[in-house]
Amino acid sequence: MNIRKLEIFYQTAKCLNMSQVAKDMYISQPAISQCISEIESEIDTKLFDRIGKKLYLTHEGKIFYEYTRRILNIYEESIDVLRSSKSNKGHLVIGASTTIGTYIMPHIINKFNKKEKDIEISMIIDNKQNIEELILNNKVDIAFIEGTVSSKEIILKDIWTDELVFISSINHEWNGKEYLDLEDLKNNKFIIREDGSGTRERFEDFLEDKDIEFDSYIELSNLEAILNYVKLNMGVSCVPYMSVLSEESLKSINVYRIKEHNINRPLYSAIHKDKYISKPIKCFMEFCEEITILNNNI
């Protein structure tokens, strides 16, 4: 078995469409079928069920798929490491969940670039769930997220702390309150982040812990859009405090905390357990760990 065969299996298992794989990899469909048959024969295991015109991974196929993904990730990484070792320069691809990518990473990358001029950085910003997939598929070198992950292949390290607050329009019935009571959260329409968001996960955990049901009015993937809906008094929301600092100073919205209940959450660095820690990755990780976020400001 060789890398090429593993790549063919991986792509076939990923999209379950040999015609598409043949087109993407510029090989014939019979060649793909022959490759899969050779792999199945070599490991004496059936990897696909062929039912009608559709392909399905067997249980063993799903297991082999996960190991193949890791093997290919390590192979690609080894090539990158060997290439980068010939130069003093480096390149990092960093993933970040929406809040961290929008409000924290710009300041950190700006400071880092001034200190380490030979390390180039690319950023991918998405919700936590999608960033987790990028880590598993070796599309990012290191990532920064809120909340936990489902995969045991990812190593998390608690490096910062964030605070969530509640916001409303200046015309909302909460106006004039210094703090909110838990009862105030009931009978309100909430404008919340989409499923897979770390902010939403923490918000829902808090309400569930306090046995409070909420009415989800609109789900949005953009924090700025949430602010615009709240300003129009179309609902209230729970957002990272760092995302509303400027609006609070301008008094365009009202910001509240729950009396005797701070909603804090850890922010994590996340990296695949098989990832080779290159000098650029180590340099950036150490730099981030030295950064202090004070009152949600860097």
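1. Helix H1 (residues 3–15) and helix H2 (residues 18–25) of this predicted model pack with their axes 9 Å apart and at an angle of about 135°, which makes H1 oblique to H2. Axes here are lines fitted to C-alpha atoms, for helices over the stretch in contact, with angles running from 0 to 180 degrees between N-to-C directions; under 35 degrees counts as roughly parallel, over 145 as roughly antiparallel, 65 to 115 as roughly perpendicular and the rest as oblique. Helices (H or I, at least four residues) and strands (E, at least two) are DSSP runs, numbered from the N terminus.

2. The contact (heavy atoms within 4.5 Å) is made by Arg-4, Glu-7, Ile-8, Gln-11, Thr-12 and Cys-15 of H1 together with Met-18, Gln-20, Val-21 and Met-25 of H2. By class, the H1 and H2 contact has five nonpolar, three polar and two charged residues, where Ala, Val, Leu, Ile, Met, Phe, Trp, Tyr, Cys and Pro count as nonpolar, Asp, Glu, Lys and Arg as charged, and the others, Gly among them, as polar.

3. Helix H6 (residues 105–115) and helix H11 (residues 279–290) have axes 11 Å apart and an angle of about 120°, and are therefore oblique to each other. Met-105, Ile-108, Ile-109, Lys-111, Phe-112 and Lys-115 in H6 meet Cys-283, Phe-284, Phe-287, Cys-288 and Glu-290 in H11, a contact that has eight nonpolar, no polar and three charged residues.

4. Asn-138, in the loop between helix H7 (128–136) and strand S5 (142–146), is buried at a relative accessible area of 16%; buried means under 20%, exposed over 50% and partly exposed in between, with a 1.4 Å probe and protein chains only. A polar atom of the Asn-138 side chain lies 3.3 Å from the backbone oxygen of Asn-73. Not counting residues up to four places away in sequence, Asn-138 touches Asn-73, Glu-76, Glu-77 and Lys-275.

5. Asn-254 belongs to strand S10 (residues 254–256) and, at 17% relative accessibility, counts as buried. The Asn-254 side chain makes a polar contact of 2.8 Å with the side chain of Asn-175 and another of 3.1 Å with the side chain of Tyr-256. A polar contact is a pair of N or O atoms within 3.5 Å; within protein, one must be able to donate a hydrogen and the other to accept it, and residues adjacent in sequence count only if both atoms are side-chain atoms.

6. On the basis of these values, residues are numbered from 1 along each chain as its sequence is written, and side-chain values use heavy atoms, with hydrogens and water left out. Local features need pLDDT of at least 70 and side-chain atom pairs count only at pLDDT 80 or more, whereas totals for chains, interfaces and linings use all residues.
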